[in-house]
Structure formats: C-alpha cells, structure tokens
Amino acid sequence: MSAVAARLRVDTGLLLVAPAVVFLLLFFIYPFGYGFVLSFQPVEGNWLANYQKFFSDEHLWRTLIITFQLSLPVTILNVGLALPIAFQLRRKTRYQRWITTLLVIPITLGTVLIAEGMLTYFGPRGWLSQFLQLLHIYDGPIRLTHNFAGVVLSLVISGFPFAFLLMLSYVTGIDPTLARAAATLGAGPWDQFRHIYLPLLAPGLAITFCLAFVQAFSVFPSAVLVGAPSGPTRVISLAAYEAAFEQYDYSMASAVAMIMGFAQLIVVVAVLGLRRGLYRGPVGGGKG
Amino acid sequence: MNQQFKELRLAAVSRHFDNPSGVRVAALHELTLTIRRGEFICLLGPSGCGKTTALNCIAGLLPVTGGTISLDERRIDLLPPEKRGFGMVFQNYALFPHMTVQRNVAFGLMMRNTPAAEIKARVARAFQLVQLGGHEDKLPGQLSGGQQQRVAIARAIVIEPPLLLMDEPLSNLDAKLRLEMRAEIRRIHRELDRTTIYVTHDQEEALSLADRIVVMKDGLVQQVAGPEDVYAQPANLHVARFMGYRNVIALNVGARNGDRLTLEGSGLGLEGTAKQEIAGPHVSVAIRPEDISVGAGPNGIDGRVESVEYGGHVSLIDVRAGENVLLHVRTGARVKMGDQVRLTISPQRVLVYPAESA
C-alpha cells in the first residue's frame, strides 16, 4: 500500500484531512446544494418564481435593505471601536489582562441573555431610565428597546468583543521595535500609527470586518427580542424563518437563504478584493 | 534639531524597573560619561549588563528614572525620541516590512517634510555610502541579512543625525560579513564626521572600532578607557575576565615593593603588578594566555603540558603547574603532550587584583 503510494507520489498524510472533508460534504456542501436546488422548485410558478416574488414583494425585499442598514453600521462601529482600544492595549501591562477580560465577558453570554438584560436595563421603565430621571438628567422615557436602536445596541454588545479579540491579536503581532524605529526617525505617535501600524494592520482589519459583518448580517434573536420585528427590524433571516416555519414553504425559505448568502458573499468579496492591493507579508522588522 | 554639538553629557543616568516579585532593580546605575563630538564610543559588556538600556535611554526609547542627559547646555532626557533627532540602528534592523527599501530610507526625511527633490538626492547619496545600489525598489524581506543591515544604517544616517546609536548591529551576520561591515561602519563614521555610540558584547569588535570603551557589568560602569588600556590594563578582575584574561589564580602576597608584589601559593612563586588597592594578603592574579611564553627566563613556572590545541600559527596549550594549577597558554612554540616546560611571564603582565569574595 505505502509502496504503491510512494510510486504514485501520493502523500499518504493527506488521508488525515479525510474526516474533515467528509464532515464538510455531509454537513455543509450537501445541505447547501440541497437548499440551492430546492430554491428553484417553487410551490407554484416557474423555476425563478421564488426569486421573482422576493424582489417584487416589498414586504420581502425590504428585509434585505433593513439587514444591510443594521449590519453595515454595526460592523463599522464594532471594528472602529475595536481598533483604537486594541491599539491602546498593545503593550503588556498589568491592566491589559483585566481590561481584556472585562471587554470579552459579553462573548460568553448568549444573545438571548443579553436581550433579557437589555430589557431590564435599557427599557422605558428600566434602571437606566429611572437613574437618569432620578438625577433629572433626562426626564422623558428612554427608548432603547423594541426598536432599531435596541438591535444595534445588542449587536454591538455581542459583536464588539469578537472584533476586539481579533484586532488585539493582529496588533500585538506587530513588532513594537518598528514604531520605536519610526520614533527615532522623527515620527510622532500619530505618524507611527498612520505609517507603521495602520498599513500593517489593514489586512487584519479587512478580515475582522468580514467576520464581524457576516456575524451581524445573520442577526435573528435580538431582532425579535429587543427589536421591532414587524417593521423597522424585520431582517432577512426573519423572512426566511416565516417562510419555513409559518408558511411551511421550504422552497421559498431556501431562496431567501440563498439571497442572504449571496449578499454576504458580495460584501466579503469586495472587502477581500480591496485587501489584495495591500502588503500582506510578515510584520517583523528583520532577522532575529 | 540636526545641529552638531560639542558634547553629550550623561550625569548619573539610572534606569530602574520593578521585577515580577516587586523588587526595584537597577538595569543601569548612575552612568556618568561625557562624549565629545566626533568620538566613537563602545558600550561593552555581557548580556544583561545595561548597555542596551543605556542606549535606549539616550535615544529616548526608555525614560530615565534618575540623572540627566544634556546636549551641550540643553537637557534632553525628557524629550520623546522623535524630538531628539538621533539616528538609531536596531539589533534586528527594524526595517518597515511594507515599504520598499527606498521608502524605508526616505522615511526620516519625509517626517521632516524635506522637499521631494532633496529627499531623492540624499537617499541616493546614502545608498552610495552604504554601497547598496540597485536594490531600491525591493522590499526588506527580499534582501539578505547583510543588505538589510546596510539599509538600516542608510536609514539612520540619511537624516544626518548629530549622534548615531547602534545596538549590536552586526550580531545577526556571519563572521566574514561581520568583519567587512565593521570596516564599513568605521569608514562611515569617519566620512560623516559624526558621533557614534555603539553597543556590543564582542570585545574584539569594541577594540577595533572604538576611540573609547565603556565596560559595563550589572548596570555599573567598570572602566572607561581607550582600547589599548582596556586591553592591557583592565581596571578590575571583571574587566580582565571579559577582555580575555583566561588565567585567574588565587595567590597570597609575600613581599611588597610599591606596585610590585611577590606572590606565592599553590606551589607557585611569581612577581606581579598591583592594578587596584591591595589590602589583605589574598589576591587574584590575572594573566592573558598570549602574555605567557615558553622557554627559560626569569619569573617562571615549571609545568607539564596536558593538552595541545593546534591553531596554525599559534597553538593553545594547557599546562599543569604547581599544586594542580591549570594555565592556558597561547604560543608559537612546538610542544607535545606530556612535555615538561618552563613558562615565563613579564611581571608587568601579571596583573594583581584583590581576591574575589567567593
């Protein structure tokens, strides 16, 4: 067996990837292909009927726009917050571990738990509202739940730690001697960031953006629990859910899922395309 | 910022840090030194002796915790590195991996808002100086270690800093390249007529480059002197050991005649020269293997050759003498293992220091 393999120049080590390949085939490729085919077999009408319906029914196509309106600002906010905070924590200090732990705690909480907490804290009769009224800072009721803002808040709470952890590992991977070298050449803190850190971080920033975006785009529980699922936060995953489990139209649900996947793919491909033009080599300063 | 200076004064410069168990440790303790314009200074010592700490304090990369640094009359130890305008060559070169070699070298001038035409001319001149033409558009990762090192030097000197700081710039190179670059660095220093502070743990490098050597150990300065003095007249036993005095023997003082001491013990009798105040009867004697010659003469020791390490022009031999004292000798004489030999040493080259407190 191994002699044959050697003669055929087959690397028997490749067999080690077999379990992963089987897993992918069974649990990703096959269901995906099944859904793809299913989406072209509508209950009635021609093979494109589901897609025609989606893009002609305002109740449906608006969910795509709403999802973009939610996920793009949330992603920009999460990555935009994660970058400076991770940058500030790049040096190992005794505080770094504490702050990192504090920032990462929400990742351990489920979306539903976060939503529960938000309802008690941010609701119109919640602690925040009562506290502000007590101090006479703001007397009206605070509306941060059951609307668009509630979902944004929930996605930031659950998505930020993720973006932060990724950015922290990219930032700390950059040799700090580079910034020190820049300093001896006359670069102040801003120039060190702009000319050294930012270009070296850009590829990591792109990856973080993609992952954070995909995570935010597939929002579902918080859109229902702390959003307004009948209108302003009727996101695309909700449309797929309704088709599948309220109308029992699996074909339509598959079509919505395909559209959702395609929309995510477009953004990811666009961001990774921008990344192609950037330096992606090692981030060290030389030998040693 | 780029003006030449008359002297750089370090006054009791210290750098402390808290170690993990919370104890305050001095990485650098009260370094006092005045460096004149045009000097080539080497900070020499084993790893952990505080030499790189000293360099980082001068560059502004580490804040000092005591003392002052001034450039002529201007105090600079509170300025950030970008306001000091010193050039620095880092041990791992710290070239910006995402910029071409050309942009790496131009970076310091860009930060100074130098006009583009002038940048171009000065970068070209710097490339000429380090003899690295034709690689301008490559990324640092595409260059060899020696080439990267030249880029690092070009990047530091193109801003024409009044003071050039180098942190073991040759330690990542192979032996042959190291010798070549050593000569280059000396040439560049001469041509630019600038002041250089160079950190190294290689005594040979320090001896060949420096006008003055600062020998350090455990954050303390041991000796500041010219290469010849550091080599021939080490100020204490630490320096002697570091400078290649491989024979250190514990002996007792017999008679004294000024600096000249008669030493005995371990079955040996020798004349030596005191290099430090000798209080007690116990002393440590340091002798360089090169200073011992094989053959009859005064101030001698008899012994038996125990091993011979052939080294071409000179061989390294180990001689067992007196009561089990092993002496390392570097000699051109041809001897064989087991030979009885007489070793002689000039009393001036038998350096006597107070005994090490064991």
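User: Across which strands of chain B does helix α5 lie?
Analyst: This is a predicted model, in which local features need pLDDT of at least 70, side-chain atom pairs count only at pLDDT 80 or more, and totals for chains, interfaces and linings use all residues. Residues are numbered from 1 along each chain as its sequence is written, while chains are lettered from A and ligands numbered from 1 in the order in which they are written. Helices (H or I, at least four residues) and strands (E, at least two) are DSSP runs numbered from the N terminus, and axes are lines fitted to C-alpha atoms, for helices over the stretch in contact, with angles from 0 to 180 degrees between N-to-C directions. Helix α5 (residues 145-157) of chain B runs at about 170 degrees to β6(B), and the strands that it lies across are β6 and β7 (163-167) of chain B.

User: Which are the edge strands of the open sheet in chain B?
Analyst: The open sheet has 6 strands with mixed pairing, in the order β6-β7-β8-β3-β9-β10 (chain B), where two strands pair if DSSP finds at least two bridges between them. Its twist averages 15 degrees from one strand to the next. Pairing on one side only marks the edge strands, β6 (87-89) and β10 (220-225) of chain B.

User: Which residue of β10(B) stands opposite B:Met216?
Analyst: Strand β9 (residues 212-217) of chain B runs antiparallel to β10(B), and 5 bridges join the two. In β10(B), the residue opposite B:Met216 is B:Val221.

User: How many residues of chain A are in contact with chain B?
Analyst: Two residues are in contact if their C-beta atoms, placed from the backbone, lie within 7 Å. The elements that give two or more residues to the side of chain B that touches chain A are α2 (81-84), β6, α3 (101-111) and α5 of chain B. On chain B 30 residues take part, and on chain A the number is 23.
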